[in-house]
Amino acid sequence: MHGPASPGWLLVALCAATGAYCLLRMRSTVEEQRRAAGGEALMGFGMAAMAVPAAAFSPPPWTWPGYAAVFGAAALRALWTARTSAHHLHHLVGASAMVYMALAMAAAPGHHAGHGGSSGVPLVTGMLLFYFMGYVLLSGVRLIPVTAGGGGTRGWGDRPELARACRLSMGIAMVAMLITL
């Protein structure tokens with residue numbers, strides 16, 4: 001993003017807040033929510049770190065291969081757990097997109113996420129943008145309440161509407177990061 005760094009900082013704040021909420025979700029009593037929340041917390045904090053404006057901090061060159069390794073491991077874990085839950089396929093795509101962006105940043109050392117440039121392969125970037133834009137639209141529709149009935153008291157980690165909003169926020173952030181790649 002050319003111009004002021006404030007959009008980058010807003011993206012950092014959004015992703016960090018999402019990662020923090022996902023850590024709270026890891027305290028849920030529902031095992032599947034705990035399992036998904038760990039990967040989503042990693043994704044939120046990783047996206048926050050990648051979105052830090054270059055004017056504030058330019059990471060050393062070894063950072064990008066490190067990101068690729070961490071998110072490559074997350075992608076393998078998502079692939080393994082996708083056998084039992086289709087939701088983990090989305091985690092697989094998200095972790096793979098993070099690997100792709102990290103490798104694009106490693107290949108173009110003068111660029112940093114959110115600062116324009118022509119890093120990455122346009123076809124791959126376009127396919128990921130198409131996927132995440134569709135995911136954002138679908139997630140937004142899923143937030144529309146079907147009934148106004150309220151359930152009993154639930155903890156912060158057991159609120160499905162907040163988990164959906166969290167995923168929507170990360171999807172929007174991924175679209176912003178891919179656009180500026």
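Modeller: C15 is buried, with a relative accessible area of 1%. Buried means under 20% relative accessible area, exposed means over 50%, and partly exposed lies in between, with a 1.4 Å probe and protein chains only. The sulfur of C15 is too far from any other for a bond, because the closest cysteine sulfur, in C166, is 9.9 Å away. C22 is in no disulfide either; its nearest cysteine sulfur, also that of C166, is 3.1 Å away. The cut-off for a disulfide is a pair of cysteine sulfur atoms within 2.5 Å. The structure holds zero disulfides. C22 is buried too, at 0% relative accessibility.

A word on the model. It is predicted: local features need pLDDT of at least 70, side-chain atom pairs count only at pLDDT 80 or more, and totals for chains, interfaces and linings use all residues. Residues are numbered from 1 along each chain as its sequence is written, and side-chain values use heavy atoms, leaving out hydrogens and water. The chain averages a pLDDT (the predictor's confidence in each residue, from 0 to 100) of 82, and 85% of the residues score at least 70. Over residues 112-116 pLDDT stays under 50.

Now α6. Helices are DSSP runs of H or I with at least four residues, numbered from the N terminus. Helix α6 covers residues 160-179. Its buried residues include C166, R167, L168 and M170. Among the elements that cover them are α1 (6-25), α2 (31-50), α4 (87-107) and α5 (122-142).

Next, the rings. The whole structure has three aromatic pairs. Rings of Phe, Tyr and Trp (its six-membered ring) pair if their centres lie within 6.5 Å; planes under 30 degrees apart are stacked, over 60 edge-to-face, and the rest tilted. W64 and Y67 are tilted, because their planes meet at 40 degrees, with centres 5.4 Å apart. They are three residues apart in helix α3 (residues 63-81), about one helical turn. W64 is buried at 5% relative accessibility, and Y67 is buried at 16%. Y131 and Y135 are stacked, at 6.4 Å centre to centre and 20 degrees between the planes. Four residues separate them in helix α5, again about one helical turn. Y131 is partly exposed at 30%, whereas Y135 is buried at 12%. Y131, F132 and Y135 form one aromatic cluster.

Terms used
Helices (H or I, at least four residues) and strands (E, at least two) are DSSP runs, numbered from the N terminus. The expected span of a helix is 1.5 Å times one less than its number of residues. Contact means heavy atoms within 4.5 Å.
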